Amino acid sequence: MANVVVIGAQWGDEGKGKITDLLSKSADVVVRYQGGVNAGHTVVVQGQTFKLHLIPSGILYPTTECIIGSGTVIDPKVLLGELDQLEKLGVSSENLLISETAHVTMPYHLMIDAAAEEQRGSHKIGTTKRGIGPTYADKSERTGIRVVDLMDAEGLRDQLTWTIEYKNVILEKLYNLPPLDPNAVIDEYLGYAERLRPHVVDSSLRISQAVRQRRNILFEGAQGTLLDLDHGTYPYVTSSNPVSGGACVGAGVGPTIIDRVIGVAKAYTTRVGEGPFPTELLGDVGEALCDRGAEFGTTTGRKRRCGWFDAVIGRYAVRINGLDCLAITKLDVLDDLDEIKVCTAYEIDGQQVRDFPSNARVFARCQPIYKTLPGWKQDTSHCRSLDDLPRQALDYLKFLAELMEVPIAIVSLGASRDQTIIVEDPIHGPKRALLYTNGAVETAQ
């Protein structure tokens, strides 16, 4: 039995959906513990593409129990649309469970999110405008609507009547937007409630029971470490805690049940939205990475900014999350390059630093210090073991493992499930791992 947390080790969009899907095969329960519809996981199975936003990737395995935990925020309209789409593709939602204490995204959250971002002008933070920040803000302000509230028609009507009157003042006076009709919103969300009711449970209790039964549990994070509200590149962050510690709060479990934490990172770096990005490539190489890697957001369709692998934020992710191992994705995107650069440190005002700075203004002044490695100029998408990889590709992986002082357990070389090298199974234990020893990385047989 193993309870494993999967997190993003960069700015999100690292390919966590595929890695979670792969590990879900060995999991009995998959728990999504934070974020909302601002996240997007793309999974390709036998040529069929599934784009998931709220539903855990484990839903594609018919016997896996999938739980949307209390740390998430749920837009019922989007969730039901996702369920309908999966049903059309022949995927059952029978095993989907929803935490009764998860908070609900309401229409006024979306309106305020979009209007506030527009009002920021040149200071915009790159929100997806999906209402996530305002939903979490109401949660902290203790004026939020939870899933359990949707199940109580009389209580919901009483609570929303007052809340919408209050939000209408903000919409009209602050943002010059039309007011919402409380009765129309209430009726709409009571309709959603009836469809969701069969899935609603006490998720913390359900997970606790799974722990006692010694079932394998996979905790699935959204976004990435550098988007964490407390530990990311603030203010260009999300409104929740994607780091591994967020799994305990968002799922309602204690830290002693977590056995392993696996971080997912691309073989290069991407970022969507605003904020500093030291290794960003603005020329032909950046465009080539974007085109070959199909770097467009699952949720918004926004073009992702691309750059070289940044080991400074990689080491930071290892430290903040307590990573046991890494999954490196999209290695194949680098196949055509003559040379590949890796940022090993920053230069700030003439000083070399190896650690991530907390001050956003300082971070914006960071200049990357690169180590240049030779490319391999070979197609790796067909490789299924480390022995299949070109020597330069294997050297590249070893160099990343050495820089971050953490083993690489999985290497992904394409979108499909089978385009993967499983070096070490994080749930069932080691087979063969990339190790670092006294500064040197070697392959352990």
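Mentor: Domain bounds here come from an automatic or database domain assignment. That assignment gives domain 1 (3-89 + 202-422) and domain 2 (103-199). Their C-alpha centres lie 29 Å apart. The model is predicted, so local features need pLDDT of at least 70, side-chain atom pairs count only at pLDDT 80 or more, and totals for chains, interfaces and linings use all residues. Residues are numbered from 1 along each chain as its sequence is written, and side-chain values use heavy atoms, with hydrogens and water left out.

Start with the contact, meaning heavy atoms within 4.5 Å. Domain 1 brings 24 residues to it, and domain 2 brings 22 residues. Next comes buried area: the accessible area (1.4 Å probe) that two parts lose on being put together, summed over both. Between these domains it is about 2000 Å², and carbon and sulfur atoms give 62% of that. On the domain 1 side, Val73, Pro76 and Leu80 supply 27% of the area buried against domain 2, more than any other three residues.

Last, the elements. Helices (H or I, at least four residues) and strands (E, at least two) are DSSP runs, numbered from the N terminus. β6 (73-74) and α2 (76-88) each supply at least two residues of the domain 1 side that touches domain 2. The largest share, five residues, comes from α2.
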